[in-house]
Amino acid sequence: MNKTNVVVTGASGQLGKTLQALWPASQLSPRFNLIPLQRKQLDISRAQEVAATLDALNAHIIINAAAYTAVDQAESESEDAFASNQQGVVNLAAWAAANQAWLIHISTDFVFDGAATSPYAPASKPSPIGVYGASKLAGEVQVQQRLPEAGTIIRTSWLYSEFGNNFVKTMLRLMNEKPELAVVNDQIGSPSSSHSLAAVIFAMIETGNDSRADYSGVYHWSDGGRISWFDFAQAIQQQGLQQGLLKTEIPLRPIASSDYPTAARRPAYSVLDRSKTLAEFDCPSLNWQQQLAVVIKAIAGIEG
Ligand SMILES: NC(=O)c1ccc[n+]([C@@H]2O[C@H](COP(=O)([O-])OP(=O)(O)OC[C@H]3O[C@@H](n4cnc5c(N)ncnc54)[C@H](OP(=O)(O)O)[C@@H]3O)[C@@H](O)[C@H]2O)c1
């Protein structure tokens with residue numbers, strides 16, 4: 001029996017690496033081939049390269065984990081952000097539409113302005129307040145227009161893992177270097193482990209199989225919770241101490257976003273309502289604290 005080919009773009013990013021790490025133990029691996037492509041193997045912003053590569057690989061499902069993710073830099077590098085996050089998605093979606101492939105595209109809570117006070121539903125109106133969010137929204141629009149029946153958008157928030165750069169790893173490093181740390185306490189959201197996001201993507205493919213049209217549209221995924229970056233830092237410190245990644249406890253000080261100026265504004269509130277995803281798929285049941293423990297242990301394993 002021929003296996004179905006699943007291509008992953010952006011394979012050296014944190015989601016790309018997690019998908020590869022969890023693949024062998026997933027239920028999909030006996031029936032599907034995972035083909036991870038790093039940027040040097042496929043730059044999604046180049047239309048001809050996209051078409052030639054996906055033709056050659058006979059891609060049935062494309063997981064787009066490639067993105068320009070430097071939120072602050074995007075404010076001064078708008079062209080680069082849109083090249084990956086809009087044009088790159090145009091190229092993938094156009095190829096998928098012409099070749100009856102299923103595109104699973106990852107997007108972000110930063111498509112919202114943060115003015116809400118209750119969780120954003122998949123149908124809530126996006127209104128980005130920065131270049132990164134605008135470029136990601138532009139990509140979403142392309143998926144919806146070009147693949148109304150074979151395009152799935154998964155928005156996630158505060159993504160972290162043992163791979164690459166993210167808030168958890170930055171906090172652990174700073175907590176080992178500094179005598180105290182000030183952390184923003186007025187941005188509210190939900191963390192997402194790339195492990196749980198990968199599990200949701202696998203569950204979609206497992207459930208969708210050949211009836212992918214059922215799952216086109218927008219889904220939200222996070223590990224739940226409604227916390228600030230300060231709350232998250234406190235949990236990281238406690239778990240880091242427990243796992244021996246931190247030598248001593250240092251004082252953490254809550255500050256306002258206005259005390260920590262950045263090039264890009266960030267949504268003050270970006271909790272995603274994930275109820276539709278929970279209702280339709282066999283999703284991970286661990287809460288955000290338990291998911292954090294999985295990643296902290298993985299970091300301890302790497303460093304230990
Ligand atoms: N990180 C978060 O907090 C967060 C939150 C919500 C949603 N998301 C979304 O989740 C997804 C995965 O994010 P992540 O944290 O895993 O990102 P990441 O670690 O920054 O990885 C993204 C990868 O995409 C690659 N890439 C960028 N432009 C490309 C292009 N034109 N062609 C091919 N590859 C390209 C990057 O390569 P180079 O490094 O060589 O450029 C990098 O390896 C993205 O869609 C992101 O928007 C992330």
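Tutor: Two strands pair if DSSP finds at least two bridges between them. Helices (H or I, at least four residues) and strands (E, at least two) are DSSP runs, numbered from the N terminus. Residues are numbered from 1 along each chain as its sequence is written. This is a predicted model, in which local features need pLDDT of at least 70 and side-chain atom pairs count only at pLDDT 80 or more, while totals for chains, interfaces and linings use all residues.

On one side, β4 is joined by four bridges to strand β3 (residues 61-64), and the two run parallel; I63 stands opposite I104 of β4. β4 also pairs with strand β5 (residues 151-156) in the parallel sense, over six bridges, and H105 has I153 in β5 as its bridge partner. From β4 the chain crosses through helix α4 (residues 131-146) to β5 in a right-handed β-α-β crossover. Right-handed means that, with the strands pointing away from the viewer, the path from the first strand over the helix to the second runs clockwise. A right-handed β-α-β unit is likewise made by β3, α3 and β4.

Seven of the seven residues of β4 are buried (20 or more other C-beta atoms within 10 Å of their own, with C-beta atoms placed from the backbone), so β4 is largely enclosed by the rest of the structure. Both faces are covered, with W102, I104, I106 and T108 buried on one side and L103, H105 and S107 on the other.

Conventions
A residue is buried if 20 or more other C-beta atoms lie within 10 Å of its own, exposed if 12 or fewer, and partly exposed in between; C-beta atoms are placed from the backbone.
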